[in-house]
Amino acid sequence: SSAGQFDNGKIVWVEAKLPQQTIVGEKIMPYLVFTNRHDGKGSVKIFLTPTRVICRNTLNYAIKGAKDRTFSVKHTSSSVQKLEQAKGIIRHYNE
């Protein structure tokens, strides 16, 4: 697990290593990544990726590669409800 920030805290991220999986005979180490922006220019993103985030470039690479495995929530009044949905998806993944 790791975490970091960019632009003096305007962008923050947290990464958790998930149990290793075998997909089509290849061992994959998936990561669950949470990102949030504190500058009004983006949304909360939660996604699965095999890319370990260590810098802004790997974060951008992981986000682009996880388009079909990304849950995104804008900062609105329904954010809490949408994040609860995301929790359910994550729980289902761990079953």
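Residues are numbered from 1 along each chain as its sequence is written, and side-chain values use heavy atoms, with hydrogens and water left out. Because this is a predicted model, local features need pLDDT of at least 70 and side-chain atom pairs count only at pLDDT 80 or more, while totals for chains, interfaces and linings use all residues.

Trainee: Which pattern does the protein chain follow when read along the sequence?
Mentor: Helices (H or I, at least four residues) and strands (E, at least two) are taken as DSSP runs, numbered from the N terminus. On that basis the protein chain has two helices and seven strands. Read along the sequence, the pattern is β-β-β-β-β-β-α-β-α.

Trainee: In what order do the five strands form the open sheet?
Mentor: Two strands pair if DSSP finds at least two bridges between them. Five bridges join β1 to β2 (residues 11–17), five join β5 (residues 31–37) to β6 (residues 44–49), and four join β6 to β7 (residues 70–73). The pairing in the sheet is antiparallel, and the order is β1-β2-β5-β6-β7.

Trainee: Which strands stand at the edges?
Mentor: An edge strand here has a single partner strand, so one side of it is left without a neighbour in the sheet. The strands in this position are β1 (2–6) and β7.

Trainee: Which residue in β6 is the bridge partner of Val33?
Mentor: The strands β5 and β6 run antiparallel, and their hairpin has six residues between the strands, with Gly40 taking a positive phi near 75°. On the β7 side, Ile46 stands opposite Phe71. For Val33, the bridge partner in β6 is Phe47.

Trainee: What angle does the direction of helix α1 make with that of β6?
Mentor: Helix α1 (residues 56–65) packs on the sheet, touching β1, β2, β5 and β6, where contact means heavy atoms within 4.5 Å. Axes are lines fitted to C-alpha atoms, for helices over the stretch in contact, and angles run from 0 to 180 degrees between N-to-C directions. The angle between α1 and β6 is about 80°.

Trainee: What percentage of the residues of the protein chain count as buried?
Mentor: Buried means under 20% relative accessible area, exposed over 50% and partly exposed in between, with a 1.4 Å probe and protein chains only. The protein chain exposes about 6600 Å², of which carbon and sulfur atoms supply 54%, the areas coming from the Shrake-Rupley method with a 1.4 Å probe, where for residues only the protein chains shown count as cover. Of the 95 residues, the buried share is 26%.
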